[in-house]
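Thanks for coming, everyone. Please have a look at the structure on the screen.

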Amino acid sequence: QISWTPLLVLGYLFYLLLGATVFQLLEKQAETHFRDQFQLEKLKFLQNYTCLDRQALEQFVQVLMEAWEKGVNPEGNSTNPSNWDFSNSFFFAGTVVTTIGYGNLSPSTVAGQIFCVFYALFGVPLNLAFLNQLGKALNAHLLTLERWVQKPGRAQVRLAIFLTTGTLLFLVFPPLVFSYVEGWSYGEGFYFTFITLSTIGFGDYVVGTNPNKHYIPVYRSLTAIWIVFGLAWLALVFNVGADLMERYLQLKWHKSDLSLAEGDTTKLEDEPEQPRIHIPS
């Protein structure tokens with residue numbers, strides 16, 4: 001029996017090619033527009049401030065970029081809250097062990113970088129074990145995912161309740177909170193929510209980083225706790241989706257194999273019986 005793995009590989013590659021094509025169509029033109037607009041703003045700045053030349057402006061832009069890479073927001077002044085107070089450090093530790101890695105903040109000292117390596121080395125397996133136990137706890141109250149997928153009736157209802165409740169708690173309501181606190185639109189909050197809980201973590205939207213807003217001290221710590229439980233829920237959803245997709249592909253492939261086998265059998269049955277030639281001994 002031929003394995004269905006090549007079909008999955010081809011589907012995976014096709015999905016990546018499709019995504020690359022769509023992202024290029026949607027984003028490339030906007031990027032060109034923003035790049036041209038940025039160059040125009042630099043020219044206007046040089047025209048308004050004739051005491052500066054292009055080289056000095058480029059050096060200042062480089063300083064701004066280096067500050068941003070080090071986690072320092074160029075907006076505001078020196079009174080901006082520290083990125084490494086306990087609440088922010090707790091949030092950063094959570095992004096390390098969950099492998100979200102927003103990229104807007106990272107250790108700048110050699111000692112901090114080395115500690116981060118060993119902290120992640122032991123923290124990532126610990127986080128996986130914790131999420132695994134958390135997933136088992138959810139399954140204990142809501143039946144196992146295997147029963148949800150296979151059995152009809154009440155199991156299907158419980159699966160629907162589980163998905164609906166989790167969607168409201170982790171994908172629908174949190175963007176409302178982030179929109180209110182951060183000043184984002186609901187779409188931006190929803191985008192941040194999913195990108196975070198799926199551990200993609202681009203870093204273009206991060207909570208608690210606006211220097212013009214005053215956050216409560218435990219805001220980012222509470223967000224980190226919400227992320228942990230959201231990760232466990234979304235991981236279960238992804239596991240269900242992967243299981244259903246794998247079974248569907250296996251079923252389709254198995255049916256095609258059966259149809260081919262039945263076709264060969266039918267062909268043999270339809271062929272007229274050939275005359276037998278008896279050779280005397």
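I will cover salt bridges, then a pocket.

First, the ground rules. This is a predicted model, so local features need pLDDT of at least 70, side-chain atom pairs count only at pLDDT 80 or more, and totals for chains, interfaces and linings use all residues. Residues are numbered from 1 along each chain as its sequence is written, and side-chain values use heavy atoms, with hydrogens and water left out.

How many salt bridges does the structure hold? There are 2. By salt bridge I mean a side-chain nitrogen of Lys or Arg within 4 Å of a carboxyl oxygen of Asp or Glu.

Take Arg 35 and Glu 31. Their side chains meet at 3.2 Å, N to O. They sit 4 residues apart in helix H1, residues 5–48, so about one helical turn separates them. Helices here are DSSP runs of H or I, at least four residues, numbered from the N terminus. Arg 35 is partly exposed, at 43% relative accessibility. Glu 31 is partly exposed too, at 42%. The cut-offs: buried is under 20% relative accessible area, exposed is over 50%, partly exposed is in between, with a 1.4 Å probe and protein chains only.

Now Glu 58 and Lys 42. Their salt bridge is 2.6 Å, N to O. This pair links distant parts of the chain: Glu 58 is in helix H2, residues 54–69, and Lys 42 is in helix H1, 16 residues apart. Buried or exposed: which is Lys 42? Lys 42 is buried, at 10% relative accessibility. Glu 58 is partly exposed, at 33%.

On to the largest pocket. A pocket is an open set of points on a 1 Å grid over the protein atoms alone, where a 1.4 Å probe fits, with protein on both sides within 12 Å along at least five of seven lines; lining residues have an atom within 4 Å of a point. Here 46 residues line the largest pocket, and Asn 73, Asn 83, Gly 208, Thr 209 and Asn 210 lie nearest its centre. Helix H3 gives the most to that lining, with 6 residues.

Methods: Helices (H or I, at least four residues) and strands (E, at least two) are DSSP runs, numbered from the N terminus.
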